[in-house]
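User: I've just opened this one and want a quick tour. Let's start with a single residue.

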Amino acid sequence: MRPIRKVLVANRGEIACRIIACCQAMGIQTATVFSEADRASRHVLDASEAICIGPAPSRQSYLDIGKVIDAARRSGADAIHPGYGFLSENADFAAACEEAGILFIGPPPAAIRALGSKTAARQLVSTHGVPLVPGVQEPLSSATDGLAIARQIGFPVLIKAAAGGGGKGMRVVRSADEFAPAFERASSEAAASFGNSAVYVEKYLASPRHVEIQVMADSHGNAIYLGERECSVQRRHQKLLEETPSVCVDPEMRRRMGEAALAAVRAAGYTNLGTVEFLVDANREFYFLEVNTRLQVEHPVTEAVTGLDLVREQLHIAAGGRLSLRQEDVAPRGHAIECRILAEDPFDGFVPSPGRIRVYKEPRAPWLRVDTGVYAGYEVSLYYDPLLAKLIAWGPDRPTAVARMQDALRDYVIEGIRTTIPFHLLLLENAEFQAGNLATDFIDRHMEIERSGGSRRHRDVAAIAAAWLRGARGAAPAQAPAATRATSGWKLAALGAGRRPWA
Ligand code: ADP
């Protein structure tokens, strides 16, 4: 085993704080990096040491490989944890760490490369018996070529960026005449977002579920799966709420999905933590989507039911350790739900809502966990991801976990900016949600939240209900209707910002 004495956490926000806390609990020293906009961020306060690596734009700070490696050297760190987003799935960064003699806490660069491109990953896993969403394995050479393939697959189809992430560079095409313009738009969006214009085409599944498998592999040939997470509640292909187990997965299906996920990562020579994403259709057939070669935002729900600390496992595996448990030892207990609390106004098209958090009070209960990087007085900027916090509730069964989450959301006070808390309250009281009838188009089909006319009524109803419930419990009311709206100037500046490429 290679000892890890000091970890540089190359990230920010809640995930940096979560990793720093884990290292501290393990007696490992911590250092972190920050941009000029993040001087007062909690990860800077939490780590023993923090190094400024440049101005606010990520390209000049958190995404600059040279600056991050230099910071690791200066701090004397022997390992780097990349978190999620930023450089976490960048094979060149993982290779640069290796060259600098610093341990990269994640899979080997070759495995990241093999799975990083959606087309390369499809090619690789298809030869190992993993069922794919019907489509091609190679990038399209032209719109004409693509149209011919789309006709074979049958409309609707989805044009996707090979290097995609965060739902960018994705276009649904419902008929032949829509194909060429959609191809052009997807290619240019892919070029702008990922520096790679390659796109491919696959069947657009109707109302699928998104179900993913958490896997863990060591460098001694052991690999296990830790069950699934249902992430079907999405807006524009970005997850808003995740839970485990999925109501649609029974033990037999879990075993088959788990085996398929292990086949996918084994094919790539994978080690460390990873997530294999699948779409599930109405017949409960599952199809490989992609592999995320890093810690996921939603990893806490798996931790809640397995009792594992996945970051601790990551460090242990990276240091050369063997998996701490066998497949037969994995015995998930109960049900866990995570709500992503974003600095966005759910009643105004989820527009970013930057500003100062005036009042901040977290809910507390034995079955709750809050992962956050914010505090009262913290200024939420437009530069980075709008994720303020993740609220995780555990219960012995799904209805109890839902009820506990509802209580927790009502007790969560964040004043000064708009958040997605009222959205989650509406979602959790939705009868279809409670019945577990989920699909990736759930919000469009079952929630009127963004439709004109309904928005103000919903905003007010949710705010009044939350304030009333807090009042009934003797706490101060929060998020009164239209109290602290972001100005239109902020909103204009914010449009198009805040996408989450790792969501
Ligand atoms: P990204 O890497 O950009 O997040 P993914 O391939 O992981 O893209 O897909 C993100 C989401 O987009 C999925 O969870 C699902 O909602 C939707 N999606 C992707 N591919 C398909 C498909 N073939 N059919 C229907 N929905 C899809």
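User: Is Phe350 buried or exposed?
Analyst: Phe350 is buried, with a relative accessible area of 4%. Buried means under 20%, exposed over 50%, partly exposed in between (1.4 Å probe, protein chains only).

User: Where does Phe350 sit?
Analyst: Phe350 is in the loop between β15 (344-345) and β16 (351-352). Helices (H or I, at least four residues) and strands (E, at least two) are DSSP runs, numbered from the N terminus.

User: What is phi for Phe350?
Analyst: About 55°. That is positive, although Phe350 is not a glycine.

User: OK, Phe86 next. What is its phi?
Analyst: Phi of Phe86 is near 35°. That value is positive too, and Phe86 is no glycine.

User: Which loop holds Phe86?
Analyst: The one between β4 (79-81) and α4 (91-99).

User: And why does Phe86 count as buried?
Analyst: Because its relative accessibility is 19%.

User: New topic: peptide bonds. Which residue is joined to Pro156 by a cis bond?
Analyst: Phe155. Omega there is about 0°. Pro156 lies in the loop between α7 (143-153) and β6 (157-161).

User: What about the bond from Thr244 to Pro245: cis or trans?
Analyst: Cis, with omega near -5°. Pro245 is in the loop between β11 (238-244) and α9 (251-267).

User: What should I know about the source?
Analyst: The model is predicted: local features need pLDDT of at least 70, side-chain atom pairs 80 or more, while totals for chains, interfaces and linings use all residues. Residues are numbered from 1 along each chain as its sequence is written, and side-chain values use heavy atoms, without hydrogens and water.
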